[in-house]
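Here is a short briefing on selected side chains. Look at the sequence and the model first, then read the points below.

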Amino acid sequence: MERWHVGKATITKLVEFSSLVPPKYLLPGAGVHLKESPEDFKHYVKNGKLILSIHMLIVDIEEHRLAIDTCVGDCKKRNVPLWNNRNSEFDKKLIQHGFDPISFTHVITTHIHDDHVGWNCKLSPTGEWLPTFPNAKYIVTDKEYLYWTEQYTSNGAHGNYKAAMEDMELLNDSIYPLVKKGLLKRVSMSEQVVPGVALLPSPGHTPGHVCVHIQNNEQTCIITGDAFHHPVQIQHPNISATPVDTCSQQASQTRRQLLTQMSQSSLVIGTHFAEPSGGVVRMGTNGRYKFIPKPVNKCNPRL
């Protein structure tokens, strides 16, 4: 388990699972660059495949405890075989590591994709989807919420029934139950969620996608969401997740804009970066930005 400090704020990474993905299925064109600079990506590539981590980031700042993106979840019907009908009991893992779900004040969703909203809700013994974090406000940008709810309606209206069914499953098991309970809060793309934690607009991967900016005692951290899936995109921001982006051209423009701010940040944490997931972004001798992993405090469960 990795843990970082940003001033007096603490950020802890809790992994649900990781997987190996051939570059062509997520980041077409990345393979050649991985081979060009193998030392830069030695922690993030295995046998020519991208190592992708699915993890939740937990931020403790002042009296607030925030979860950033809630992974894939259990008992969810998904098209990706590794994500379908999982039984990880990740909620029990949270408790084991000292993070009781009832202690969370906020859940931030960087965007509404399957692997970022799964533990928003869990299946009750009676078959009802209930909030995993019952005392938390669930934060999602208004633009993101409207896009996916309207996308579902549009797909159905245009006969794209498979896409509509995919959207419906996700909305019904991870979003609408929060609306029903009055826990979902729709906000602007630059919302200050709590003092020291704000959203950072980063559209492209999805229309309402945001990164998360943390600031405390003059130290800063940027959590990438899916603006960057892998460190290779820091060196080569033109490489996009074209199979899953809403607009890859905009996503590439967003990465270029973010890199300057990231290079000035005390810490950058990749939402899908394998361990070490945190580091700094600095300009390399080749005129390209690069991700430099940063040593962290490794910690044991708080039993």
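The side chain of His209 makes a polar contact with the backbone nitrogen of Asp226 at 2.8 Å; such a contact is a pair of N or O atoms within 3.5 Å, and within protein one must be able to donate a hydrogen and the other to accept it, while residues adjacent in sequence count only if both atoms are side-chain atoms. This is a predicted model, in which local features need pLDDT of at least 70, side-chain atom pairs count only at pLDDT 80 or more, and totals for chains, interfaces and linings use all residues. Residues are numbered from 1 along each chain as its sequence is written, and side-chain values use heavy atoms, without hydrogens and water.

**Surroundings of His209**
- His209 has a relative accessible area of 0% and is buried (under 20%; exposed is over 50%, partly exposed in between, with a 1.4 Å probe and protein chains only).
- Beyond its neighbours within four places in sequence, His209 is in contact with several residues, including Thr110, His111, Glu144 and Asp226 (heavy atoms within 4.5 Å).

**Aromatic pairs**
- The whole structure holds seven aromatic pairs (Phe, Tyr or Trp rings, the six-membered one for Trp, with centres within 6.5 Å; planes under 30 degrees apart are stacked, over 60 edge-to-face, the rest tilted).
- Phe133 and Tyr138 form a tilted pair, because their ring centres are 6.5 Å apart and their planes are at 55°.
- Both Phe133 and Tyr138 are buried.
- One aromatic cluster consists of Tyr44, Phe273 and Phe291.

**Charges over rings**
- The charged end of Arg86 sits over the ring of Phe17, 3.9 Å from its centre (NZ of Lys or CZ of Arg within 6 Å of the ring centre and within 35 degrees of the ring normal).
- Arg65 lies over the face of Phe104, 5.8 Å from the ring centre.
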